[in-house]
Amino acid sequence: MITELGHFALILAFMVAIVQMVVPMVGAAKRWPGWMAVAEPAALLQFILTAFSFAALTWAFVTSDFSLRLVVMNSHSLKPMLYKIAGTWGNHEGSMLLWVLIVTLFGAAAAVFGGNLPPTLKARVLAVQSSIAVAFFAFILWTSNPFLRLAVPPFDGQDLNPLLQDPGLAFHPPFLYLGYVGLSMAYSFAVAALIEGRVDAAWARWVRPWTLAAWIFLTVGIALGSWWAYYELGWGGFWFWDPVENASFMPWLFAAALLHSAIVVEKREALKSWTILLAILAFGFSLIGTFIVRSGVITSVHAFANDPERGIFILMILAFFTGGALTLYAARSHVLEAKGVFGVISRESALVANNVLLAVSSLVVFVGTMWPLVAEMAFDRKLSVGPPFFDMAFSPFMVVLGAILPVGAMLPWKRGTLGRTLYALRYALVLAVALGVLAWAMQTGRSGLGPVALMLGSWVVFGSLVDLAARTGRGTFNERLGRLTRLPRADWGKAVAHAGLGVTIFAVAGLTAWQQEDIRVAQLGEPYTVGDYRLTLEEVNREQGPNYLATVGTVDLQAKGRSIATLYPEKRVYPVANMPTTEAAIDYRFLRDVYVVIGDPQAGGGWVMRVYIKPLANWIWGGALLMALGGLLSLTDRRFRVAAGARRAPAAAGLPAE
Amino acid sequence: MKRLLLVLFLALAPVASPVLAVQPDEMLSDPALEARARDISKGLRCLVCRNESIDESHASLARDLRLLVRERLTAGDSDTEVVDFIVARYGEYVLLQPTGQGANWILWAAGPAMFVLAAGMGLMFLRGRQRASGGEPDRLSAEEQARLDDILKG
């Protein structure tokens, strides 16, 4: 019964979305306030209906209702509760329902928090947002309906894929989707502005928080996924340049570019047309990502050809929204008059350079991801484009970006001089070079990657500190310290996010350059040495988990003759899914992880053991978290909060409308 | 969701016995040769996996390939000879780093070309903005000029 109600709510939400797409759009064109006002309650209603529908599906998973096809395919009565819930979005149909739920969530949020928007712009934004929802409601209802029943329900389900039964992955898709889909808001604002024919500083100020929020969610989502891959897949890799990863990385890069170009629109009213284009492209790449993941076209052209229905549908959605918006852009972008004049050496130029680098690097990832497909269709060549290509083709852009970032971040608006900015950064530069040289001297006979990355990363980190210090102006130490605490949160956000990037750059390269690996057959009770550590496999036991069987090793880890940790690497077999997984045991420390994996028993006694010493591993995600934290600080900046406050108390002051 | 396809693929593929990647019994006793083998393995794709090198893969086919690489190396092949041997057998699909041959130049040139194009467009835009800044600011109207003169006089 609840399932049917959920299905019904989904259809109702589809109807509401159609109304919300049409009525406010017409109302805005004709200046009919009543028609425009439909958008707000419709957005809320649409969200409530979709949320109910999603809750109904979750309920079916929680109660293990095996009359639902989807639940049978992806759940099992013995599965822990967390994964029953996570199972709701751990499959195609459920994840698409989550997708559209988030579209409507953002629509509802815009309806609630968008009180200070001009009524026509607000009506158009909500109508465009709803048109996206309409497309995906149709996609779900016609090609991926999660509410289909089975005539003969089986006694138990086929279980969720064991690799997905992990807390890191349980929350990874919601974050990623909040990011992906959050970019739809920037898209809706861009299209609404094109229809309106007006982009100004106020527009940029409205768009920026939504983009920022989407970018924060994407950052956290990608970091969670990468962390999951690190500890779950059993060899401690954290990024694979897999098409599915690239699908989330491309929108992230575009969102980062959009964030920065929106600043120029907000502060200087320049780069308007480019910012609109970026907003369209950012969401376009979200849709491309959805297409890549959902159609299976990259995994195998043949899988796509055998079951093209879903893929073609998403391709049509992609073509309509990107193509439509770009056509509108071509027709209307000339009305966006460029203002703001500035010299070649200026903050504006630095942000243009940032945009060039981020956009091109994202397109490089795109070309690399799509190339196997193009090569097969156009040249009949079956080839692979793997990590070595991306490392080579992508990294240079990040190196240049890191090198110019501290300078660009400190250049004044309008016109600056390189000399003065570099002079302000002299200590950061000297310190970064010194650290690089030190690392070079301390390591022997390894690649230059580590030292160079240390130099680059610390240059970015120290550069952000110098930037922050420079914002406090002149005066005694105490005066400046006082001012530091009162700096706008946007300044703090900028410094923290940039420092986070520096940390991540350094960590990625440091881990790659300085990792140590040891593979051997370990005998019970016989200690052996890896790097500075002594490991002893003390015992191996069989254990029974809720829905798996495990082989658990007990490993004593010693450093400098002292036992610092006992690790329990596991090997699991999930009988229902008939699938083995490895659960690495990791001793997390600030400067390094010791990563231990147990393998198979050997005929001659002993067990295969793999041990990795991974320096700076935590710093990768620490850097990503810093970036997200920086975004969060910036999001809570006074200028956004004040705008929100003005909405809550409209009678309080005679504020100008814009 | 990220590795979902990998995961689905693994789940659907007939599950090989749970061997880990490189096994101790595969490794060559000569560390220099073994290091070369590892390097080569990292650039070769496991054919039945999704975007994994044979060095990382748990599949039995990857193990066969790893053994083949080591066999060729022990037989005295150079690194390129080993790779050529494997490519001749399995096609260029095994190469994780695509060659520059044929139409692949488009792939390799795409990044630099797009960068040059984008940087050029960016520079042209900046030059335009700068020229705009070099132009005279709007002249004062006669009325404003008169008022300014008045103030300066006063």
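# Hairpins, a sheet and two chains

Author: Strands β3(A) and β4(A) make a hairpin, with 4 residues between them. This is a predicted model, where local features need pLDDT of at least 70, side-chain atom pairs count only at pLDDT 80 or more, and totals for chains, interfaces and linings use all residues. Residues are numbered from 1 along each chain as its sequence is written, and chains are lettered from A and ligands numbered from 1 in the order in which they are written.

Reader: What counts as a strand, and what counts as a pair?

Author: Strands (E, at least two residues) and helices (H or I, at least four) are DSSP runs, numbered from the N terminus. Two strands pair if DSSP finds at least two bridges between them.

Reader: OK. How many bridges hold β3(A) and β4(A) as a pair?

Author: There are 11, in the antiparallel sense, between β3 (residues 533-544) and β4 (residues 549-559) of chain A. In one of these pairings, Asn541(A) has Val552(A) of β4(A) as its bridge partner.

Reader: Which strand does β4(A) join over 5 bridges?

Author: That is β5 (residues 562-567) of chain A, running antiparallel to β4(A). Leu557(A) stands opposite Ala565(A) in β5(A). The two strands form a hairpin with 2 residues between them, and Lys560(A) in the turn has a positive phi of about 50°.

Reader: And where do the 4 bridges from β4(A) go?

Author: To β6 (residues 570-574) of chain A, again antiparallel. There, Leu549(A) faces Val573(A) in β6(A).

Reader: What does β6(A) pair with over 5 bridges?

Author: With β7 (residues 579-583) of chain A, in the antiparallel sense. Arg572(A) is opposite Thr581(A) in β7(A). Their hairpin has 4 residues between the strands, and Asn578(A) takes a positive phi near 50°.

Reader: Different topic. What is the strand order in the open sheet of 4 strands?

Author: The order is β1-β10-β9-β8 in chain A, with antiparallel pairing. β1 (516-522) and β8 (585-588) of chain A are at the edges with a single partner strand each, so one side of each has no neighbour in the sheet. The twist averages 15° from one strand to the next (axes are lines fitted to C-alpha atoms, and angles run from 0 to 180 degrees between N-to-C directions).

Reader: How many bridges join β1(A) to β10?

Author: 7, between antiparallel strands, with β10 covering residues 607-615 of chain A. Gln516(A) stands opposite Ile613(A) in β10(A).

Reader: What are the domains of chain A?

Author: Domain 1 is 1-165, domain 2 is 395-515 and domain 3 is 516-618. These bounds come from an automatic or database domain assignment. The C-alpha centres of domains 2 and 3 of chain A lie 38 Å apart. Their contact takes 5 residues from domain 2 and 8 residues from domain 3 of chain A (in contact means C-beta atoms, placed from the backbone, within 7 Å).

Reader: And chain B? How many residues of chain A are in contact with it?

Author: 61 residues of chain A are in contact with 47 residues of chain B. Helix α15 (residues 347-379) of chain A gives the largest share of chain A's side, 13 residues.

Reader: Last one: where is the kink in α16(A)?

Author: At Ile404(A), about 40°, shortly before the proline Pro406(A). The bend at a residue is the angle between axes fitted to the seven residues ending there and the seven starting there.

Note on methods
Contact = placed C-beta atoms within 7 Å.
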